[in-house]
Amino acid sequence: IAADIAFSLQTLEIKQQNKDIEEILAESEEKYRQVIENASDIIFTTDRNGNFNYVNKAGLINTGYSEKDLFNLNYLELILTDYRDAVKKFYETQYKTGQHSTYLEYPFLTKSGEIKWFGQNSTLLIENNQFKGFHCISRDITERKKIESALKESEKKYRELVENANSIIMRRDIKGNITFFNEFAQNFFGFSEKEILGK
């Protein structure tokens, strides 16, 4: 009888411990789910073919699509046509080489037709040593891309202005060595770039 009572108490204790563990796990999962759902970054997963199977609220807000819309779409359908092949090849390479994590920037078309740029970290989803898809975290980098584009355009205009100027334009470093001179300067002095740069 004593052994039966001890065994019963031990069983009850194990059940209580299991219940406590289950409650802790459930609480932990709920906290994790809340973090994912309320994140400002877009978090989503796809199957191995690029079909969506999870998207958080930020993904829905940033793309303008509903969850139902996205679950009926392939990821590549939302990327601008000119970039699709490159993005597809990039992720095929990640899968084939087994590279766990990658980063890629690409333009994305929202439901309203707006083009946004995303910077995306992607990891391989592996279950039982089998590739199941991708887990992705994306951030809207549209403003940064606009600034980069404006800077490139400004640099291009500056270079054209300098190259086409009817004046000698030269640049030197702190030691006085020539690091740049325009075409007018080349023609005026009769030196080629090779002859004068670094002098």
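The tour goes from a helix to the strands beside it and then to a pocket.

This is a predicted model, in which local features need pLDDT of at least 70 and side-chain atom pairs count only at pLDDT 80 or more, whereas totals for chains, interfaces and linings use all residues. Residues are numbered from 1 along each chain as its sequence is written, and side-chain values use heavy atoms, with hydrogens and water left out.

Begin by selecting residues 81-97, which form helix 4 (helices are DSSP runs of H or I with at least four residues, strands are runs of E with at least two, and both are numbered from the N terminus). At 1.5 Å a residue its 17 residues should span 24 Å, and the end C-alpha atoms, 25 Å apart, agree with that; the expected span is 1.5 Å times one less than the number of residues.

Now colour Val-87, Tyr-91 and Gln-94, the buried residues of helix 4, where buried means under 20% relative accessible area, exposed over 50% and partly exposed in between, with a 1.4 Å probe and protein chains only. They cover an arc of only 50° around the axis, which puts them on the same side of helix 4; the arc is that of the directions from the helix axis to the C-beta atoms. On the other side of helix 4, the exposed residues are Asp-82, Asp-85, Ala-86, Lys-89, Lys-96 and Thr-97. After the helix comes Gly-98, with a positive phi near 70°.

Next, show strand 3 (101-109), strand 4 (115-127) and strand 5 (130-140), against which the buried residues of helix 4 pack (contact means heavy atoms within 4.5 Å). Strand 3 and strand 4 run antiparallel and are joined by nine bridges, with Leu-109 opposite Ile-115 in strand 4; two strands pair if DSSP finds at least two bridges between them. Their hairpin has five residues between the strands, and there Gly-113 takes a positive phi near 95°. Strand 4 also pairs with strand 5, in the antiparallel sense over ten bridges, and Asn-121 has Ile-137 in strand 5 as its bridge partner. In this second hairpin, with two residues between the strands, Asn-128 takes a positive phi near 50°.

Finally, select Arg-48, Asn-49, Gly-50, Tyr-91 and Phe-134, the closest to the centre of the largest pocket among the 18 residues that line it. Helix 4 gives the most to this lining, with six residues.

Methods: 1 Å grid on protein atoms, 1.4 Å probe; cavity = no way out; pocket = protein on both sides within 12 Å on 5 of 7 lines; lining within 4 Å.
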